[in-house]
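Please look over the sequence and the model before reading the points below.

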Amino acid sequence: MKILSSQRGISAIEILIVIFVLGIIIATTVPALVSFRKNQSIQNTTNSIVSLLQEARTKTLASYNNTFYSVYFDTNSAVLFTGGTYSAVDTSNKVVPYETPVTLQSVTVAGGGSKVSFDRLKGTTSQSGTIVVGTADGVSKTITVSSSGVVSRN
């Protein structure tokens with residue numbers, strides 16, 4: 001009578017092959033995921049800024065609280081505030097931070113400065129221009145505010 005002895009296990013070669021294949025999979029997917037996350041951050045930040053500008057214009061058109069509204073652009077956030085003078089300590093400010101790694105690249109509006117104010121009851125603005133947000137490696141989105149107050153993005 002012959003007793004068959006079968007020892008089963010994983011050899012070192014098999015483990016190395018599995019590790020090698022996993023390494024290749026990770027090496028090819030991680031850069032794509034990082035790029036996707038960065039693009040999503042830029043898209044989300046752009047959407048937040050557009051929404052904030054539209055909210056300021058809508059409140060101004062409605063003459064909410066009998067005043068007009070403006071949006072101030074900082075390096076890492078956009079701020080909706082009442083009136084034309086921005087105060088960082090005003091508790092009624094609505095601060096919308098940009099998603100990491102997005103920062104403000106530039107604000108180019110008529111008359112200079114870093115804010116867009118909307119005219120009460122008309123919704124127009126004398127601070128038409130562009131707001132550019134992006135990442136340090138050059139990926140960016142441009143938001144345009146027309147003199148009629150209409151907000152668009154590229």
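A charge is said to sit over a ring if NZ of Lys or CZ of Arg lies within 6 Å of the ring centre and within 35 degrees of the ring normal. The charged end of Lys59 sits in this way over the ring of Tyr69, 5.4 Å from its centre. The model is predicted.

**Aromatic rings**

- A pair of aromatic rings is described by two things, the distance of the centres and the angle of the planes.
- Three aromatic pairs are present in the structure.
- One of them joins Tyr64 and Tyr69, whose ring centres are 6.3 Å apart; the planes are at 40°, so this pair is tilted.
- Tyr64 has a relative accessible area of 44% and is therefore partly exposed, whereas Tyr69, with 3%, is buried because buried means under 20%.
- Another pair is formed by Tyr72 and Tyr86: the centres of the rings are 4.1 Å apart and the planes are at 10°, so the pair is stacked.

**The nonpolar surface patch**

- A nonpolar patch on the surface is formed by Ile13, Ile17, Val18, Phe20, Val21, Leu22, Ile24, Ile25, Ile26, Val30 and Val34.
- Together these residues have about 1,000 Å² of accessible area.
- Ile24, one of the patch residues, is found in helix H1, which covers residues 12-61.
- The relative accessibility of Ile24 is 42%, so Ile24 counts as partly exposed.

- Strand S7 (residues 140-145) contains Ile143.
- Is Ile143 buried or exposed? Its relative accessibility is 0%, so Ile143 counts as buried.
- Ile143 and Ile131 are twelve residues apart in sequence, and their C-alpha atoms are 5.1 Å apart in space.
- Which residues are in contact with Ile143, leaving aside neighbours within four places in sequence? They are Thr46, Ile49, Val50, Leu53, Gly129, Thr130, Ile131, Val151, Ser152 and Arg153.

**Backbone features**

- Thr100 and Pro101 are joined by a cis peptide bond, with omega at about 10°.
- Pro101 is placed in the loop between S3 and strand S4 (103-109).
- Asn65 has a phi near 60°, a positive value in a residue other than glycine.
- Asn66 likewise has a positive phi, near 55°, and is a residue other than glycine.
- The loop between H1 and S1 holds Asn65 and also Asn66.
- Asn65 has a relative accessible area of 56% and is exposed; Asn66 is exposed too, with 61%.

Notes:
Residues numbered from 1 in each chain as written. Predicted model: local features only at pLDDT ≥ 70, side-chain atom pairs only at ≥ 80, totals over all residues. Heavy atoms only, no water. Helix = DSSP H or I, 4+ residues; strand = E, 2+ residues; numbered from the N terminus. Buried < 20%, exposed > 50% of the residue type's maximum accessible area, 1.4 Å probe, protein only. Contact = heavy atoms within 4.5 Å. Patch = residues over 30% accessible without salt bridge, like charges linked within 9 Å, V, L, I, M, F, W, Y side chains within 5 Å. Areas by Shrake-Rupley, 256 points an atom, 1.4 Å probe, with all protein chains shown as cover. Salt bridge = Lys/Arg side-chain N within 4 Å of Asp/Glu carboxyl O. Phe/Tyr/Trp six-rings, centres within 6.5 Å; stacked < 30°, edge-to-face > 60°.
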